[in-house]
Amino acid sequence: MIEYSEFVRLSRSSDSDERGHAAHLAALAYLDHDGPAGEHAALYAALIGFLDDPSVKVRAALAYGLLHSVQAPRPIIMALLRDSAVISRAILQYSPVLLDADLIGLIGAGDPFTLTAIAQREKLSSRIASALISQGDSALTQRLLRREDVLLDPMLLLDLSRSLGGDATMRGALLSRKDLPAPARLILVQQVTESLRQARIVRGALAPDRLARLLRDGTDTALSAIGETEAVQARGEFVEVLVGSDQLNTRILLHALTTGHVMFFAACLGALSAISRSKVFTLLENGSRASLIALFSRAGLGLEIGRLLVRLVLHARAADLADDVAARHYVVTALTEELIAEYDGDIPHALEEAFAYLSEQNIALARKAARGVMSTFAGIAQGPMSLPQVEELAQLPLPAA
């Protein structure tokens, strides 16, 4: 609080610091004023007068006083927006008075300092964020992607995944977003797979065939896990994309059921057979062999594949395939042995791909199950394991050459 005469003296001082102090006081007084209308109008006129001050320090002090208030006079804020760079950038970054329509035109100019100031605003609409990203500045795009409070259009995220997914840093920023649509997440997973395939340290550590199997199995697991999350949340777009792009095949269906992603499996069958997911899930849970065969036939699967899936479904009803690796290994082993016994080792052509998948899974799951058995045994074993001594091994007869 100062007397009016002192305020007038500061306003007319030749010292820019004193005039700046007066400008700042006038801004605060205007925002907090609750007195007569005439007094409020006088304060507004004082603010207008400070806009014409030749010193940038005075205009900056005025801007600082009005910067964070939604009650700041819009004409004055717009005038400060066209002031020197240090003032206009502060207004761009902090003033809540600015509307999207004010910012869009400035974004189109493409000035990097302007874009950075806008990107640092406390609140950004999806429209402004999309406009900023469209400028093609990589650092700016990463900054916006890492802001969880900024909502981005799903189609924009999908386009970014397609165009920028090859860059590891950008890929990480995209994958960290909780609102990333499932098709975009799958694209990025496929990009990760390709990056691993091309990495020299990975290629040098694994034989080509084994590397291909590991990457394919990892991609299938990721696809199935994404589909399960989408199915649990009752979003069907992901399965529709898979069906529309012919990415849904027998291997994916087998993998989904084998890994315990039953909701995704049901959603796939529902999309293929044009039956509601709830009805499909009921059939999978309680349906007879005949009804399951009819379901798989309506989904466009051959008789042999349908019969295989029926067996897998019946096994899955009695086992926890989602969390129990040993149960998963048992089911895959049982299916493999049943196929060998039924066809006397001569697997039909229609089942060759499925049989190859089961054989791959049998080896992988056997390794996982064995690790679990050995670690459990090590935890409960009370004494040393009985193994032959070196002297005993030396007395064993050598095999014939």
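A residue is described here as buried when its relative accessible area is under 20%, as exposed when that area is over 50%, and as partly exposed in between, with a 1.4 Å probe and only the protein chains taken into account. By this definition, buried residues account for 40% of the 401 residues in the protein. The structure is a predicted model, in which local features need a pLDDT of at least 70 and side-chain atom pairs count only at pLDDT 80 or more, whereas totals for chains, interfaces and linings use all residues. Residues are numbered from 1 along each chain as its sequence is written, and side-chain values rest on heavy atoms, with hydrogens and water left out.

The protein contains 24 helices and zero strands, where helices (H or I, at least four residues) and strands (E, at least two) are DSSP runs numbered from the N terminus. Its radius of gyration is 34 Å, well over the 21 Å that the globule rule gives for 401 residues, so the protein is more spread out than a compact globule; the radius is taken over C-alpha atoms, and the rule is 2.2 Å times the number of residues to the power 0.38. Along the principal axes, the C-alpha trace spans about 110 × 65 × 40 Å. Among contacts (heavy atoms within 4.5 Å) between residues at least 6 apart in sequence, 58% join residues at least 24 apart.

The accessible surface of the protein, computed by the Shrake-Rupley method with a 1.4 Å probe, comes to about 22100 Å², and 57% of it belongs to carbon and sulfur atoms. With Lys and Arg counted as positive, Asp and Glu as negative, and His and the chain ends not counted, the protein carries 38 positive and 46 negative charges, whose mean positions are 2 Å apart. The place of each charge is taken as NZ of Lys, CZ of Arg, CG of Asp or CD of Glu.

A nonpolar core is a set of buried Ala, Val, Leu, Ile, Met, Phe, Trp, Tyr and Cys residues joined through side-chain atoms within 4.5 Å. The largest such core has 55 residues, of which Leu62, Ile91 and Leu132 touch the most other members. Beyond its neighbours within four places in sequence, Leu132 is in contact with Ile107, Leu115, Ile118, Ala119, Leu124, Leu140 and Leu144. A second, separate core of 48 residues includes Ile252, Leu254, Leu312 and Leu335.

Several loop positions were then examined. Arg121, in the loop between helix H8 (112-119) and helix H9 (126-133), counts as buried at 8% relative accessibility. When neighbours within four places in sequence are set aside, the contacts of Arg121 include Ile91, Gln93, Tyr94, Pro96 and Arg147; Gln93 is 28 residues from Arg121 in sequence, and their C-alpha atoms are 4.7 Å apart. Ser69 occupies the loop between helix H4 (56-66) and helix H5 (74-81) and is likewise buried, with a relative accessible area of 16%. Leu99, by contrast, is partly exposed, with a relative accessible area of 48%, and lies in the loop between helix H6 (85-94) and helix H7 (100-109). The C-alpha atoms of Leu99 and Ile226, which are 127 residues apart in sequence, are 38 Å apart in space.

Within a helix, Leu156 belongs to H11 (residues 154-164) and is buried, with a relative accessible area of 18%. Leu156 touches Ser130 and Ile133, when residues up to four places away in sequence are not counted, whereas 36 Å separates its C-alpha atom from that of Pro208, 52 residues apart along the chain.

Backbone geometry was also considered. Most residues other than glycine have a negative phi. Ala234, however, has a positive phi near 60°; this residue lies in the loop between helix H15 (208-232) and helix H16 (237-244) and counts as exposed at 56% relative accessibility. Asp344 also has a positive phi, near 55°, and is placed in the loop between helix H22 (325-342) and helix H23 (352-380), where Asp344 counts as exposed at 72% relative accessibility.
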